[in-house]
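Visitor: I am new here and would like a short tour. Could you take me through a few parts of this structure?

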Amino acid sequence: MAAQGKRNRQFKIEPFRHPVKMDPKYGEKTWKVLEDAIHEINNHNASGLSFEELYRNAYNMVINKFGDQLYNGLEDTIVKHLQLIEKKVEAAQGESFLRELKLRWDHHNKSMQMIRDILMYMDRIYVKHQNKVPVHQLGLDKWRDVVVRNKRVRERLLTTLLDLVQKERTGEVIDRALMRSITMMLMDLGPVVYVEDFEKHFLAKAAEFYQAEAQCYIGTSDCPDYLRKAEKRLGEEIERVVNYLDPSSEAHITKVVENELIGKQMRALVEMENSGLVVLLEQDQYDDLARMYSLFKRLDDGLGLIRKMMGDHLKAAGSALVQDPESTKDPVDFVHRLLAMKDKYDRIIATSFNNDKTFQNVLNHSFESFINLSQRSPEFISLFMDDKLRKGLKGMTDNDIESVLDKVMMLFRYLQEKDVFEKYYKQHLAKRLLSGRTTSDDAERSLLVKLKTECGYQFTSKLESMFTDIKTSRDTMLEFKAQETASTSGSSDLDLSVQVLTTGSWPTQTAPKCTLPREVDEACTRFRDFYLSTHSGRKLSWQTNMGNADIKMQWGDKKHELNVSTYHMCILLLFNEADKQSYRDIMTATGIPAGDLKRALQSLALVKGRNVLKKEPMGKEISETDVFSFNEEFHNKLYKIKIATVSAQKESEPEKIETRHKVEEDRKPQIEAAIVRIMKSRRILDHNSIVTEVTRQLAPRFLPNPAVIKKRIESLLEREFLERDATDRKLYRYLA
């Protein structure tokens with residue numbers, strides 16, 4: 001029972017029966033202790049203070065509701081102390097002004113750190129609950145308001161800082177560490193203080209300085225020198241930021257320098273006489289161009305100005321090249337100059353313009369613009385390819401050959417009339433294949449693959465068929481020669497080689513039948529009989545204008561072997577029967593057309609070192625009254641001599657007109673096919689939409705003329721592929 005009674009007993013805590021009375025002057029006495037301690041700290045006499053005791057005093061003041069007295073007393077004490085400091089800073093003269101300010105700032109910072117440690121409890125409790133400014137920030141704010149933003153100190157500080165920056169810009173040495181301390185002080189007081197009290201004035205002064213300097217530079221320097229000075233100034237300002245300004249100032253000061261030294265002078269720089277952008281481009285000044293690119297890139301429309309000027313210059317230079325009669329006299333040299341121009345600007349873009357794609361686009365657009373100003377560009381590019389594939393690739397490595405072909409294909413891509421190029425390329429390829437004068441079958445095939453990749457199978461199908469015909473002809477001739485060898489009728493004096501060409505794949509034309517020498521004609525007859533016996537239903541038509549022959553020539557003790565055309569052969573063999581032949585006799589005996597005959601006789605009688613015939617009377621032209629005889633005085637140190645037909649490397653004007661007419665005729669069915677494809681899928685379409693869509697579809701091969709498209713639409717209307725809409729005459733309907 002006793003144990004149970006103990007368990008039921010309860011304890012409770014009661015308040016003191018006699019309340020403790022606090023000293024009414026406790027707050028004043030305690031604050032006086034703390035105030036004296038703060039004075040000692042500000043006077044650098046803190047070594048004798050007990051920080052633990054001071055912390056306890058501040059703690060007791062807060063918990064005993066004397067927080068307001070403590071905080072307000074601290075604020076008043078800081079202000080009074082800083083008012084004394086402000087007078088000492090203001091009293092400093094000359095260069096010692098900034099040093100005095102820095103010294104007092106360092107002392108103030110150190111003092112405020114100690115005071116903050118003493119008043120830490122007030123910072124955590126009172127300041128937080130009462131939404132007051134923390135102790136350390138209070139010290140910064142009071143330093144800002146009492147010292148830095150004192151009217152006299154503020155003006156003097158700004159003037160001193162700007163003067164020092166100006167001195168450094170003009171080449172004098174300043175105390176960068178001191179400058180850095182002052183600017184860091186301003187940042188510590190708040191970014192707004194740094195900006196309002198220093199940076200905005202610093203930027204305005206910089207703008208004035210560089211505006212004046214730009215006017216001085218532009219009047220005394222050429223473009224490269226100006227750019228070097230601007231680049232140097234920009235570097236100096238960036239270095240200035242690194243050394244003693246806040247990093248946030250870099251973007252602002254560089255913008256000022258860019259605007260004053262570059263932005264306001266851009267057009268004057270690029271158009272500067274004898275040293276502007278065009279001169280730098282023409283003289284391949286890679287470093288100066290790279291500097292211009294780097295500086296102008298900093299401005300929003302800087303590179304746009306360079307691109308426009310470069311594009312205008314390219315178009316002007318390119319137009320002058322393609323429209324200059326002198327430059328178009330030699331097609332190979334013409335293309336060489338185009339490639340040299342392209343290489344030059346490719347190198348500039350890679351070296352100076354950081355391979356900027358926008359500049360590459362300008363280059364491509366400019367080339368496409370001026371190359372297509374001349375209708376002869378497709379022909380000349382094909383002639384250049386022909387020259388390279390006949391003789392220009394000898395001794396080159398595979399990589400070099402690929403490089404040449406890639407460069408030519410680059411020009412080919414700029415052509416708008418790729419079908420015209422195809423026409424010429426087919427003619428030139430045919431001559432190379434039939435004469436066996438191509439230097440590399442691999443190069444021919446490689447170029448064919450590139451064309452196929454660029455334009456599709458349809459573009460190269462006939463070209464590939466030409467290679468197939470040559471291979472098939474070799475096999476056919478092996479069989480024919482085997483039969484000739486076994487035959488008693490075979491002649492050992494004549495070795496016939498025939499290329500059987502597929503009509504439609506080759507650029508053949510209907511040529512008047514040439515009267516061949518009897519021996520040759522008999523051999524041709526034997527081949528025709530052989531071929532038709534194994535290929536029934538086919539028809540052979542001899543293209544004597546495309547053939548060539550090797551004939552042996554001997555008189556006295558002189559011997560030569562001549563490589564000539566079929567027409568040359570027919571003419572020369574006539575002189576086995578007569579010493580002299582008139583122009584009319586030769587025409588009657590051979591049946592060669594007048595134009596071809598005159599060119600053949602020119603190459604046999606008028607070309608020095610190849611003149612196996614003599615013409616009477618002497619002269620540079622062939623007339624119908626001329627008489628020809630064998631040239632007994634002919635001399636050439638070579639045994640094998642090639643006599644080429646005298647003809648222009650490029651087409652004559654009538655030939656050009658004829659080729660253009662053929663191209664226009666070939667385009668008609670392509671345009672009609674495109675119209676039908678479009679209408680079949682769209683069913684109803686207006687005229688302008690048809691023109692736009694046809695142009696888009698055919699652009700990879702050629703740019704069709706809207707007037708031609710209109711005529712092809714009218715033709716399809718007549719043939720009832722299309723009809724006009726009954727209510728709207730501008731609309732066309734597809735008729736299934």
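Predicted model: local features only at pLDDT ≥ 70, side-chain atom pairs only at ≥ 80, totals over all residues.

Visitor: In the open sheet of 3 strands, what is the order of the strands?

Guide: Strands β7 (684-686) and β8 (722-724) each pair on one side only. The pairing in this open sheet is antiparallel. That gives the order β7-β9-β8.

Visitor: Which residue in β9 stands opposite Glu-723?

Guide: Look at where β8 meets its partner. There, 3 bridges join β8 to β9 (residues 731-734), and the two strands run antiparallel. Opposite Glu-723 you will find Arg-733.

Visitor: Which helix lies across β8 and β9?

Guide: Helix α30 (residues 687-698) lies across β7 and β9, at about 90 degrees to β7. The helix across β8 and β9 covers residues 706-718 and runs at about 100 degrees to β8. This one is α31.

Visitor: Which helices do the buried residues of α23 pack against?

Guide: Helix α23 (residues 441-455) has 15 residues and reaches 21 Å from its first C-alpha to its last, close to the 21 Å expected. Its buried residues include Ala-443, Leu-447 and Leu-451. In an α-helix there are 3.6 residues a turn, so residues three or four places apart point the same way. The buried residues of α23 pack against α20 (377-392), α21 (398-414), α22 (418-435) and α24 (457-486).

Definitions and conventions. Residues numbered from 1 in each chain as written. Heavy atoms only, no water. Pairing = 2+ DSSP bridges. Helix = DSSP H or I, 4+ residues; strand = E, 2+ residues; numbered from the N terminus. Contact = heavy atoms within 4.5 Å. Axes fitted to C-alpha atoms, helices over the stretch in contact; angles between N-to-C directions. Expected span 1.5 Å × (residues − 1). Buried < 20%, exposed > 50% of the residue type's maximum accessible area, 1.4 Å probe, protein only.
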